[in-house]
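Q: I'd like to learn how to read a few features of a structure like this one. Can we go through them one at a time?

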Amino acid sequence: MAQELSPIFEEQFSENSFGFRPKRGAHDALRQCQKNVNDGYVYVVDMDLEKFFDTVCQSKLIEVLSRTVKDGRVISLIHKYLNAGVVANGKFERTEVGMPQGGPLSPLLSNIMLNELDKELESRGHRFVRYADDCMIFCKSRKSAERTLENIIPFIEGKLFLKVNRKKTKVAHISKVKYLGYTYYRYEGTTKRN
(Lines give C-alpha, C1' and ligand atoms only; values in the text may rest on other atoms or scores of the structure.)
Protein backbone atom coordinates (compact mmCIF):
# COMPACT_ATOMS: atom_id res chain seq x y z
CA MET A 1 0.00 0.00 0.00
CA ALA A 2 2.85 2.41 0.86
CA GLN A 3 4.43 1.75 -2.55
CA GLU A 4 1.18 2.64 -4.32
CA LEU A 5 0.29 5.69 -2.23
CA SER A 6 3.77 7.18 -1.91
CA PRO A 7 4.11 8.53 -5.50
CA ILE A 8 0.57 9.98 -5.34
CA PHE A 9 1.21 11.96 -2.16
CA GLU A 10 4.85 12.74 -2.96
CA GLU A 11 3.60 15.27 -5.55
CA GLN A 12 1.68 17.11 -2.79
CA PHE A 13 4.47 17.22 -0.20
CA SER A 14 6.39 20.36 0.67
CA GLU A 15 9.95 21.07 -0.42
CA ASN A 16 10.62 21.80 3.28
CA SER A 17 9.74 18.25 4.42
CA PHE A 18 12.64 15.79 4.53
CA GLY A 19 11.79 12.76 6.70
CA PHE A 20 10.88 9.34 5.24
CA ARG A 21 10.89 10.59 1.66
CA PRO A 22 12.68 9.28 -1.43
CA LYS A 23 15.98 11.01 -2.27
CA ARG A 24 15.73 13.21 0.86
CA GLY A 25 17.23 12.81 4.28
CA ALA A 26 18.47 14.41 7.48
CA HIS A 27 21.49 16.04 5.82
CA ASP A 28 19.25 17.75 3.27
CA ALA A 29 17.17 19.10 6.19
CA LEU A 30 20.33 20.34 7.92
CA ARG A 31 21.54 22.08 4.72
CA GLN A 32 18.16 23.83 4.41
CA CYS A 33 18.50 25.00 8.03
CA GLN A 34 21.93 26.45 7.23
CA LYS A 35 20.56 28.24 4.17
CA ASN A 36 17.76 29.81 6.25
CA VAL A 37 20.24 30.98 8.90
CA ASN A 38 22.64 32.37 6.27
CA ASP A 39 19.68 34.32 4.84
CA GLY A 40 19.25 36.02 8.23
CA TYR A 41 16.56 33.82 9.80
CA VAL A 42 18.45 33.26 13.05
CA TYR A 43 15.57 32.84 15.54
CA VAL A 44 13.65 29.60 15.54
CA VAL A 45 10.51 28.06 16.89
CA ASP A 46 11.80 24.64 17.91
CA MET A 47 8.52 22.71 17.81
CA ASP A 48 7.88 19.53 19.76
CA LEU A 49 4.69 17.60 19.08
CA GLU A 50 3.79 15.53 22.13
CA LYS A 51 3.82 11.77 21.49
CA PHE A 52 2.95 12.35 17.85
CA PHE A 53 2.51 8.73 16.70
CA ASP A 54 0.50 7.84 19.82
CA THR A 55 -1.91 10.76 19.58
CA VAL A 56 -2.73 11.21 15.88
CA CYS A 57 -6.47 11.71 15.49
CA GLN A 58 -7.46 8.85 13.20
CA SER A 59 -10.66 10.48 11.93
CA LYS A 60 -8.72 13.64 10.94
CA LEU A 61 -6.11 11.49 9.16
CA ILE A 62 -8.86 9.58 7.30
CA GLU A 63 -10.46 12.90 6.32
CA VAL A 64 -7.14 14.17 4.90
CA LEU A 65 -6.52 10.87 3.08
CA SER A 66 -10.03 10.87 1.61
CA ARG A 67 -9.40 14.17 -0.19
CA THR A 68 -6.92 12.34 -2.43
CA VAL A 69 -7.79 8.64 -2.17
CA LYS A 70 -11.29 8.20 -3.61
CA ASP A 71 -11.44 4.39 -3.35
CA GLY A 72 -13.40 3.57 -0.20
CA ARG A 73 -11.84 0.08 -0.02
CA VAL A 74 -8.35 1.58 0.34
CA ILE A 75 -9.56 4.01 3.01
CA SER A 76 -11.26 1.12 4.83
CA LEU A 77 -8.06 -0.94 4.71
CA ILE A 78 -6.01 1.95 6.15
CA HIS A 79 -8.62 2.40 8.88
CA LYS A 80 -8.30 -1.30 9.75
CA TYR A 81 -4.51 -0.93 9.84
CA LEU A 82 -4.84 1.98 12.29
CA ASN A 83 -7.31 0.05 14.47
CA ALA A 84 -5.46 -3.27 14.42
CA GLY A 85 -4.31 -2.84 18.02
CA VAL A 86 -1.05 -3.75 19.71
CA VAL A 87 0.17 -6.38 22.11
CA ALA A 88 1.77 -4.73 25.14
CA ASN A 89 3.10 -6.82 28.02
CA GLY A 90 1.44 -9.89 26.55
CA LYS A 91 -2.00 -8.25 26.45
CA PHE A 92 -3.93 -7.03 23.42
CA GLU A 93 -4.85 -3.32 23.48
CA ARG A 94 -7.17 -1.57 21.06
CA THR A 95 -5.80 1.43 19.17
CA GLU A 96 -8.50 4.05 18.70
CA VAL A 97 -6.04 6.94 18.55
CA GLY A 98 -2.56 7.14 17.09
CA MET A 99 -0.83 4.91 14.59
CA PRO A 100 1.53 1.95 15.00
CA GLN A 101 5.06 3.27 15.49
CA GLY A 102 7.43 1.29 13.30
CA GLY A 103 4.58 0.13 11.09
CA PRO A 104 5.36 0.05 7.34
CA LEU A 105 2.65 2.58 6.51
CA SER A 106 3.18 4.92 9.48
CA PRO A 107 6.00 7.09 8.03
CA LEU A 108 3.88 7.89 4.96
CA LEU A 109 0.74 8.50 7.03
CA SER A 110 2.67 10.83 9.36
CA ASN A 111 3.88 12.87 6.38
CA ILE A 112 0.35 12.99 4.96
CA MET A 113 -0.95 14.32 8.29
CA LEU A 114 1.88 16.81 8.84
CA ASN A 115 1.68 18.02 5.24
CA GLU A 116 -1.38 19.90 6.50
CA LEU A 117 0.94 21.84 8.84
CA ASP A 118 3.45 22.38 6.01
CA LYS A 119 0.76 23.86 3.75
CA GLU A 120 -0.43 26.15 6.54
CA LEU A 121 3.11 27.39 7.26
CA GLU A 122 3.69 27.99 3.54
CA SER A 123 0.41 29.88 3.17
CA ARG A 124 1.52 32.14 6.03
CA GLY A 125 4.86 32.75 4.31
CA HIS A 126 7.06 31.06 6.92
CA ARG A 127 10.43 29.46 6.36
CA PHE A 128 10.59 26.07 8.03
CA VAL A 129 12.26 22.68 7.96
CA ARG A 130 10.43 19.51 8.96
CA TYR A 131 11.91 16.07 9.41
CA ALA A 132 9.09 13.67 10.39
CA ASP A 133 7.55 15.31 13.49
CA ASP A 134 10.61 17.50 14.22
CA CYS A 135 9.80 20.98 12.95
CA MET A 136 11.73 24.25 13.09
CA ILE A 137 10.21 27.53 11.94
CA PHE A 138 12.76 30.24 11.09
CA CYS A 139 12.25 33.95 11.80
CA LYS A 140 14.38 37.10 11.68
CA SER A 141 13.66 38.26 15.24
CA ARG A 142 12.78 36.77 18.60
CA LYS A 143 9.53 38.77 18.68
CA SER A 144 8.51 37.41 15.28
CA ALA A 145 9.31 33.84 16.38
CA GLU A 146 7.26 34.26 19.57
CA ARG A 147 4.32 35.62 17.57
CA THR A 148 4.64 32.74 15.07
CA LEU A 149 4.52 30.14 17.85
CA GLU A 150 1.52 31.83 19.47
CA ASN A 151 -0.32 31.95 16.13
CA ILE A 152 0.43 28.40 14.94
CA ILE A 153 -0.56 26.54 18.14
CA PRO A 154 -4.33 27.07 17.58
CA PHE A 155 -3.99 25.55 14.09
CA ILE A 156 -2.01 22.51 15.29
CA GLU A 157 -4.24 21.82 18.27
CA GLY A 158 -7.59 23.08 16.97
CA LYS A 159 -7.49 21.92 13.34
CA LEU A 160 -5.09 18.94 13.35
CA PHE A 161 -5.96 17.78 16.89
CA LEU A 162 -2.29 17.29 17.76
CA LYS A 163 -0.71 18.40 21.04
CA VAL A 164 2.17 20.87 21.22
CA ASN A 165 4.49 19.98 24.08
CA ARG A 166 4.85 23.43 25.65
CA LYS A 167 7.67 22.33 27.96
CA LYS A 168 9.88 21.19 25.08
CA THR A 169 8.78 23.72 22.43
CA LYS A 170 10.84 26.88 22.59
CA VAL A 171 11.80 30.08 20.84
CA ALA A 172 15.56 30.58 20.73
CA HIS A 173 18.52 31.85 18.75
CA ILE A 174 19.75 29.15 16.35
CA SER A 175 22.97 28.80 18.37
CA LYS A 176 20.95 27.62 21.38
CA VAL A 177 19.08 24.73 19.77
CA LYS A 178 19.94 21.23 18.63
CA TYR A 179 18.26 19.90 15.51
CA LEU A 180 18.61 16.28 14.39
CA GLY A 181 21.60 16.00 16.71
CA TYR A 182 23.47 19.07 15.44
CA THR A 183 24.08 22.57 16.76
CA TYR A 184 24.83 25.67 14.68
CA TYR A 185 27.38 28.44 15.08
CA ARG A 186 28.72 31.37 13.05
CA TYR A 187 32.31 31.26 11.78
CA GLU A 188 33.87 33.84 9.45
CA GLY A 189 30.47 35.11 8.33
CA THR A 190 28.85 31.76 7.54
CA THR A 191 26.85 29.25 9.52
CA LYS A 192 28.47 25.94 10.40
CA ARG A 193 27.13 22.92 12.24
CA ASN A 194 28.72 20.41 14.57
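Q: Let's start with strand pairing: which residue in β9 is the bridge partner of Tyr184?
A: First, the general idea: strands of a sheet pair through backbone hydrogen bonds, either parallel or antiparallel. Keep in mind that what you see is a predicted model. Here, Tyr184 has Arg193 of β9 as its bridge partner. Strand β8 (residues 182-187) and β9 run antiparallel, and four bridges join them.

Q: What is the order of the strands in that sheet?
A: Read across it and you get β7-β8-β9, three strands in an open sheet with antiparallel pairing. At the edges sit β7 (178-179) and β9 (190-193), each of which pairs on one side only.

Q: Which helix lies across β7, β8 and β9?
A: That's α2, made of residues 26-38. Its direction is at about 150 degrees to β9.

Q: Now a single side chain. Is Ser106 buried or exposed?
A: Look at the relative accessible area, where under 20% means buried. Ser106 comes out at 1%, so it counts as buried. You'll find Ser106 in helix α6 (residues 106-123).

Q: What does Ser106 touch, leaving out residues up to four places away in sequence?
A: Its contacts are Phe53, Tyr81, Met99 and Pro100. With Pro100 there's a polar detail too: a polar side-chain atom of Ser106 lies 2.4 Å from the backbone oxygen of Pro100.

Q: On to charges. How many salt bridges are there?
A: The idea is to look for a side-chain nitrogen of Lys or Arg within 4 Å of a carboxyl oxygen of Asp or Glu. By that rule the count is 15. One of them pairs Lys35 with Asp39, at 2.9 Å from N to O. Lys35 is partly exposed at 44%, and Asp39 is partly exposed at 32%.

Q: Where in the chain are the partners Lys170 and Asp46?
A: In distant parts: Lys170 is in strand β6 (residues 170-173) and Asp46 in strand β1 (residues 43-48), 124 residues apart. Their closest N and O atoms are 3.7 Å apart, which makes a salt bridge. Lys170 is partly exposed at 36%, whereas Asp46 is buried at 12%.

Q: Why are Glu116 and Lys119 separated by about one helical turn?
A: Because they are three residues apart in helix α6. Between Glu116 and Lys119 themselves, the closest N and O atoms are 3.3 Å apart. Glu116 is buried at 11%, while Lys119 is partly exposed at 38%.

Notes. Residues are numbered from 1 along each chain as its sequence is written. This is a predicted model: local features need pLDDT of at least 70, side-chain atom pairs count only at pLDDT 80 or more; totals for chains, interfaces and linings use all residues. Side-chain values use heavy atoms; hydrogens and water are left out. Two strands pair if DSSP finds at least two bridges between them. Helices (H or I, at least four residues) and strands (E, at least two) are DSSP runs, numbered from the N terminus. Contact means heavy atoms within 4.5 Å. Axes are lines fitted to C-alpha atoms, for helices over the stretch in contact, and angles run from 0 to 180 degrees between N-to-C directions. Buried means under 20% relative accessible area, exposed over 50%, partly exposed in between (1.4 Å probe, protein chains only). A polar contact is a pair of N or O atoms within 3.5 Å; within protein, one must be able to donate a hydrogen and the other to accept it, and residues adjacent in sequence count only if both atoms are side-chain atoms.
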